[in-house]
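Look over the sequence and the model before reading on.

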Amino acid sequence: MLLHTQAVYRNGYLCLLFLEGEKEEGTVFNLDAFWGHCLLTTFNCLLSKNGTKKFWDFMRTHDSVSILIFNTSRQCFVVVKQFRPAVYMCELERHHPELFENQDKEGLSRVEDPLPAVVGVTYELCAGIVDKPDLSLEEIACEEILEECGYRVPVTNLRKITSYRSGVGVTGSRQTLFYAEVTDQMKTGEGGGHPEEGELIEVVEIPLEDSMKFAYDETFPKTMGVIFSFMWFQTNIAPKLPKK
């Protein structure tokens, strides 16, 4: 659960502590890791268009899958809520732009009013990267549903909605979106991802009757995939549901 978060200083660095329940333990996210420890390889290309030359930075990343999950037993969508370091850093820069002017990592240890970790938490569809060449996209999607949300879904239960490019200005990777219906009987675990790998995922249920209000409520930070898939559901699935 991501209900308890705390900004603390440890060894001179600003850290975010994620607490589970009332226990004084959790996962520490050290903000110092953002400079000089890039996990993705960046590239630079020279474009020439109509005689005008322009340099463009980009990075290569994995393609991915995402899944719109609808629980027919309780007429609700199953989404996930998790902390995103990039979102937190954007909010930190918005509130403390002076820290980023010279990429002064020492400045992070001097933030007098650190932001709560909740500003980096977003609502998202269940999703995962495509990094297993021996598995189909459908098989990877089913694995993610089980790991993140706790439902065991057969591959044959998946319906492909569409695929599209994401991060077109930076990565250009392809994401494939699926739809899956689940029941309470299909739930075999709690989900939550792999905490030992640093995943901090909370499973959240959005009632169908509240879904469009939720989609457009900006007080709940969310990805575009959530909004698009909820709209797709209203057009393609909702009209076929039994009338109450």
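Predicted model: local features only at pLDDT ≥ 70, side-chain atom pairs only at ≥ 80, totals over all residues.

The protein has four helices and twelve strands. It has 244 residues, of which 37% count as buried. Among contacts with a separation of 6 or more, 62% are between residues 24 or more positions apart.

Side chains of opposite charge can pair when their charged atoms come close. The protein has six salt bridges. One of them joins arginine 74 and glutamate 205, at 2.6 Å from N to O. Arginine 74 is in the loop between strands S6 and S7, and glutamate 205 is in strand S12, so this pair ties together parts 131 residues apart in sequence. Arginine 74 has 40% relative accessibility and counts as partly exposed; glutamate 205, at 36%, is also partly exposed.

Another salt bridge links glutamate 91 with arginine 94, at 2.7 Å. Both residues lie in helix H1, three residues apart, or about one turn of the helix. Glutamate 91 is partly exposed at 21% relative accessibility, whereas arginine 94 is exposed at 57%.

Glutamate 143 and lysine 132 form a further salt bridge, with their closest N and O atoms 2.6 Å apart. Glutamate 143 lies in helix H2 and lysine 132 in the loop between strand S9 and H2, so the pair ties together parts eleven residues apart in sequence. Salt bridges with shared partners also join Arg74, Asp184 and Glu205 into one network.

On the surface, Arg60, Lys160, Arg165 and Arg174 gather in a patch of positive charge. Lysine 160 lies in strand S10 and counts as exposed because its relative accessibility is 51%.

Conventions. Residues numbered from 1 in each chain as written. Heavy atoms only, no water. Helix = DSSP H or I, 4+ residues; strand = E, 2+ residues; numbered from the N terminus. Buried < 20%, exposed > 50% of the residue type's maximum accessible area, 1.4 Å probe, protein only. Contact = heavy atoms within 4.5 Å. Patch = residues over 30% accessible without salt bridge, like charges linked within 9 Å, V, L, I, M, F, W, Y side chains within 5 Å. Areas by Shrake-Rupley, 256 points an atom, 1.4 Å probe, with all protein chains shown as cover. Salt bridge = Lys/Arg side-chain N within 4 Å of Asp/Glu carboxyl O. Lys, Arg positive; Asp, Glu negative; His and termini not counted. Charge placed at Lys NZ, Arg CZ, Asp CG, Glu CD.
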